[in-house]
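User: Could you walk me through how the helices pack here, and then through the loops?

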Amino acid sequence: MSRDSAFLLTVDDWAGRWFQKKAFELSLEQKTRLVPYLYHSYRTTVPQLARCLRMEKEEVERILRK
């Protein structure tokens with residue numbers, strides 16, 4: 001797992017590739033699509049995903065349970 005600052009760069013990179021936006025500009029629908037990919041590809045944690053995507057931890061957990 002990387003530091004939040006390094007992981008945020010990764011999140012921003014993927015948000016730009018997929019949606020041509022920065023992570024903080026993503027809609028909930030876009031975050032919902034991105035969360036599983038980031039979680040499985042980068043072996044990050046739910047709390048780190050929540051912090052970097054400005055989401056509640058419970059919302060990230062709900063997305064990953066789908």
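User: At what angle do helix α2 and helix α4 pack?

Analyst: Helix α2 (residues 28–42) and helix α4 (residues 57–65) have axes 9 Å apart. Helices here are DSSP runs of H or I with at least four residues, numbered from the N terminus, and axes are lines fitted to C-alpha atoms over the stretch in contact, with angles from 0 to 180 degrees between N-to-C directions. Angles of 65 to 115 degrees count as roughly perpendicular, so α2 is roughly perpendicular to α4. The packing angle is about 70°.

User: Good to know! What should I keep in mind about the model and its numbering?

Analyst: This is a predicted model, where local features need pLDDT of at least 70, side-chain atom pairs count only at pLDDT 80 or more, and totals for chains, interfaces and linings use all residues. Residues are numbered from 1 along each chain as its sequence is written, and side-chain values use heavy atoms, leaving out hydrogens and water.

User: Which residues in α4 does α2 meet?

Analyst: Contact means heavy atoms within 4.5 Å. From α2, the residues taking part are L28, T32, V35, P36 and Y39. Their partners in α4 are E59, V60, I63 and L64.

User: Now the loops: is Q20 buried or exposed?

Analyst: Q20 is found in the loop between α1 (4–19) and α2, and its phi is near 55°, a positive value in a residue other than glycine. Exposed means over 50% relative accessible area. At 63% relative accessibility, Q20 therefore counts as exposed.

User: And what is the phi of R43 near?

Analyst: R43 is found in the loop between α2 and α3 (46–53). With a relative accessible area of 72%, R43 is exposed. Its phi is positive, in a residue other than glycine, and is near 50°.

Definitions and conventions
Helices (H or I, at least four residues) and strands (E, at least two) are DSSP runs, numbered from the N terminus. Angles under 35 degrees count as roughly parallel, over 145 as roughly antiparallel, 65 to 115 as roughly perpendicular and the rest as oblique. Buried means under 20% relative accessible area, exposed over 50%, partly exposed in between (1.4 Å probe, protein chains only).
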